[in-house]
Structures are given as C-alpha cells and as structure tokens.
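Have the model open beside you and try each task before reading its solution.

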Amino acid sequence: MSVERLDKEETIDLRKKHIGPSCKIFFSHDPIKIVQAKGQYMYDERGQRYLDCINNVAHVGHCHPDVVKAGAQQMELLNTNSRFLHDNLVLYAQRLQATLPEKLSVCYFVNSGSEANDLALRLARQYTGHRDIITLENAYHGHVSSLIDISPYKFHQLSDAEQNPFVHVAPSPDVYRGKYRASHPDPATAYADEVKDIIDKVQKKGGKIAAFIAESLQSCGGQVIPPVGYFQQVAEHVHKAGGVFIADEVQVGFGRVGTNFWAFQLQGEDFVPDIVTMGKPIGNGHPMSCVVTTKEVAEGFMSSGMDYFNTFGGNPVSCAIGLAVLDVIVKEDLQGNALRVGRYLCNLLQKQKEKHALVGDVRGCGLFVGVELVRDRLKLTPATAEAQEVIYKLKEDHILLSADGPHRNVLKFKPPMCFTTEDADLVVEKIHIILTELEEALGLKLPNKVNAENESSKRKYSSSLLRGSRDIPQQAKHLKT
C-alpha cells in the first residue's frame with residue numbers, strides 16, 4: 001500500500017482516494033480479462049486463478065458439468081421457440097411451482113430479470129386497473145425504461161431527469177443506517193407506516209396504487225435485510241388500496257439465504273407475494289428468467305385480450321438447463337451449504353468487527369452478506385474510499401469482491417453456492433490484513449482499545465509519579481545532611 005502524508009487535505013476522485021485528512025491511498029484500476037471459470041474460481045488469460053465472492057449468476061458454480069451437459073444434450077435434439085409444445089416447459093414449471101406457496105401457480109418464462117420485472121409491472125397494472133407504483137430507496141429492478149423509472153439506484157444518478165409522477169419512493173427498511181434503526185421498538189411497523197402514508201397521499205391526489213415492488217433483500221441498496229413483519233404489513237396496506245405486492249427474487253432466490261428457498265419466506269409463512277420475479281441464478285449463467293403469479297392475476301392479465309408471447313422464453317434448452325440447476329441444488333445440498341458456510345462467514349466477519357474500527361455492521365442471511373465500513377461508528381460516516389481500497393487490494397490477492405450501497409461502502413458477498421469454509425477463511429484473513437494496514441495509516445482505533453491504551457498510559461504515569469514521590473523525601477534528606 002502506498003501512503004503519502006497530506007496537510008489536512010481530503011479529495012476523492014476516480015483514480016486517487018484521499019481517505020482522511022492525514023494520508024492518501026492510491027488505487028489500482030487494472031482490469032482483468034476472465035477467460036475460463038470452474039466452481040467458485042475464475043481464471044484470467046494468463047491462467048491466474050481468482051476466488052469469486054460476488055457472482056450470484058453462476059449459482060451452482062461456474063460451468064457446472066451437469067448444467068453444461070443438460071444444455072448441450074438438449075441443443076443436440078431440439079431448440080426452437082415456445083410456440084411448439086415440449087415436455088421440458090411443463091416439467092420445469094411444475095418443479096419450480098413446487099418450491100413456492102401453493103397460490104403462486106402460473107409461470108411466465110422470459111429471458112432476463114429486467115424482462116421479468118417489466119412483465120410484473122404489466123401484470124399488476126392490467127389486473128388492478130391502476131397505474132401508481134411504490135418502490136424503495138436505492139432499489140434496482142432492471143435496465144429497461146419502465147424499470148429505470150422505479151429504480152432510484154439508477155434514476156438518482158440523472159441530475160436533470162424528472163421522476164416519473166406515477167412512481168413513489170418509500171424509505172429503505174434499513175435498521176442500521178435508515179430512518180428507523182435497530183434501537184427502535186418496532187421498525188417493521190414504522191417502515192410499513194411510511195408506505196401507508198405514501199398510499200394516503202397518492203389517493204388524496206386521485207391516484208391509485210397498482211403495486212408495491214421490492215427486492216426480498218436489497219442487494220444494490222447495500223445488502224439490506226428488512227425487519228420481520230415489514231412485508232406483511234406493507235402487503236396489507238397495499239391490498240387495501242387495491243394494489244398487489246411484487247417480490248423481486250432476481251438476486252436472492254434459489255436457496256441463497258440458506259434457511260429458505262426464497263428470500264421472501266424469511267418474513268414468515270404468513271406472507272405470500274402476489275407476484276414473484278426471478279432471474280440471474282435460475283439458469284446458472286444461461287439467459288432465462290420467470291414471473292410466477294396467482295391465477296387471479298393471470299386471468300386479469302388475459303382479460304385485456306392481448307395474447308402474451310415470448311419467442312425464447314421457456315424454450316427447450318433453457319428449461320433443460322433450469323431443471324439441471326434445480327437438480328444440482330438438491331443433489332449437492334447447496335441450500336444447506338449456503339446456511340452452514342454463510343453462518344461461518346458471518347461469525348468470522350463479526351469477529352473482525354470486534355477488531356476493526358472501520359467495520360460498522362455485519363448483516364446477512366446464508367451466502368448473502370454485507371459488511372458496512374464506516375469511519376465513525378456513532379456518526380456512521382461512510383468509509384467509501386476505504387471500501388474501494390479493500391476490494392482493489394483483494395483483487396491484487398486474486399480475490400474478487402465488490403462494494404455497493406448508496407455510499408458504495410458495503411462489501412458484498414454473494415458467491416457461487418459451492419463456496420466453502422476454507423474460502424471464507426481465506427477472504428476474511430485477507431480483509432483483516434488490509435483493514436489493519438488502513439487503520440494504522442489512518443490512525444483509527446476501536447474506542448475500547450483507545451480507552452485501554454489511555455488507562456495503560458495513566459497507570460504508567462501514576463506509577464512514575466508514585467516512584468517520584470517516594471524519591472522526594474530521600475532527596476530532601478540528602479540535601480539536609
């Protein structure tokens with residue numbers, strides 16, 4: 001790490017980060033070109049291996065042989081558009097539905113998470129006859145125009161863009177940095193009441209709520225875990241307003257949270273969304289996705305008289321791959337692995353919080369974990385530059401991690417589900433070394449360590465005074481003689 005002393009100067013730009021008033025850290029932005037991958041590892045053009053801690057697309061591991069084989073075998077037999085009947089489509093729909101609550105029984109197959117969320121908005125608006133959408137702060141739901149409108153993570157970057165008048169933004173249910181924190185007696189109700197207030201304001205202006213949409217766990221928003229009971233209360237308010245609840249599982253579904261197959265199930269068995277969208281891990285890197293909803297919503301969508309057709313959605317190869325992914329999750333107990341390794345990883349990271357002043361919060365479920373770095377644990381000052389330094393130094397150590405959240409200060413763990421305890425040991429030990437170097441350069445210490453050092457200094461000072469006081473009479477006696 002290259003450190004240059006500054007005279008109380010602090011600047012942040014893309015190439016150099018000045019972290020704090022007393023030092024300057026230079027960052028390496030050298031790109032790497034990945035040409036091959038297997039399991040939880042990726043390889044560059046020189047054959048250098050990197051541990052992948054961020055790729056929730058290669059869900060069951062990069063280039064898993066069972067998934068590759070299923071796709072290749074089906075491609076040798078038949079691949080065509082979804083106008084033609086094929087058993088794979090029905091078999092996959094049945095297998096997927098079996099992982100979900102019973103009322104979620106109608107599948108629409110598409111090709112990406114963005115397509116899935118765009119279709120979910122169409123379903124909601126057609127079924128309800130309403131137009132207004134409630135989304136969350138820092139949310140990201142996709143790259144098409146309809147989804148940029150409901151993704152503050154994106155549209156807040158456009159300084160001259162006007163927010164769509166039919167889109168309303170509720171506070172992110174973040175109990176660490178948000179409006180209502182862990183110390184609040186009932187943050188779930190408090191955050192849900194914010195949604196109710198939005199509904200009331202919309203209705204007073206003559207608007208009508210079509211849907212509330214949220215990632216079951218916010219990913220780009222900073223690995224935010226909503227308090228239990230939040231979704232139930234939001235759904236109650238939205239349903240009373242004639243709207244539906246859309247759970248976006250594109251980032252977090254398919255067993256990643258460990259205890260459950262779907263992240264929305266973390267809220268409890270009494271919560272079932274009206275529409276669920278899924279993508280990324282569904283095909284282990286193959287472009288496929290799905291929207292699952294109730295018969296009532298599907299029938300309402302059909303009532304428009306406009307047939308829905310998707311050329312590649314649910315094609316035989318995609319469904320064969322989707323079936324193989326589900327098979328591997330079960331065969332290799334990857335949901336159980338996510339639970340075990342995720343708990344192990346969180347425990348390791350919690351220990352780092354006890355060692356490092358920069359670690360403000362550790363949160364997560366299964367192999368979906370966030371570490372929020374702060375310069376001050378009381379003020380929660382985001383340690384943005386420090387988070388960037390961590391990920392760049394990790395890359396130099398051949399470990400791939402990313403930072404996200406509204407302040408880009410949350411280290412994001414969402415690795416392939418074959419991630420091991422040995423992998424966790426490696427990356428956390430490297431993080432420990434990097435944070436130690438950073439804190440030494442910045443002069444940061446934990447409050448208890450500072451207090452302990454102060455107490456030690458006081459004891460040494462008092463001891464020296466005491467020794468000095470015992471010497472005074474002897475000196476005085478010597479002077480008198």
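The exercises below use a predicted model, and each comes with a worked solution.

**Exercise 1.** Work out how helix H1 and helix H9 are arranged relative to each other, and which residues bring them into contact.

*Solution.* 
- Step 1: Find the two helices. H1 covers residues 65-77 and H9 covers residues 316-331; their axes come within 8 Å and cross at roughly 155 degrees.
- Step 2: Classify the angle. Angles over 145 degrees count as roughly antiparallel, and H1 and H9 are therefore roughly antiparallel to each other.
- Step 3: The crossing of H1 past H9 is right-handed.
- Step 4: The tally is 10 nonpolar, two polar and two charged residues.

**Exercise 2.** Locate the largest cavity and describe its lining.

*Solution.* 
- Step 1: The structure has one cavity of 30 Å³ or more, and the volume of the largest cavity is about 30 Å³.
- Step 2: Name the lining. Leu349, Gln352, Val359, Val371, Leu411, Ile431 and Leu435 line the largest cavity.
- Step 3: At least two lining residues come from each of helix H10 (334-355) and helix H12 (421-442).
- Step 4: Sort the lining by class. Six residues are nonpolar, one is polar and none is charged.

Conventions:
Residues numbered from 1 in each chain as written. Predicted model: local features only at pLDDT ≥ 70, side-chain atom pairs only at ≥ 80, totals over all residues. Heavy atoms only, no water. 1 Å grid on protein atoms, 1.4 Å probe; cavity = no way out; pocket = protein on both sides within 12 Å on 5 of 7 lines; lining within 4 Å. Points joined across faces, edges and corners; volume = space filled by probe spheres on them. Helix = DSSP H or I, 4+ residues; strand = E, 2+ residues; numbered from the N terminus. Nonpolar A, V, L, I, M, F, W, Y, C, P; charged D, E, K, R; others polar. Axes fitted to C-alpha atoms, helices over the stretch in contact; angles between N-to-C directions. Parallel < 35°, antiparallel > 145°, perpendicular 65-115°, else oblique. Left-handed = near helix turned anticlockwise from the far one by under 90°. Contact = heavy atoms within 4.5 Å.
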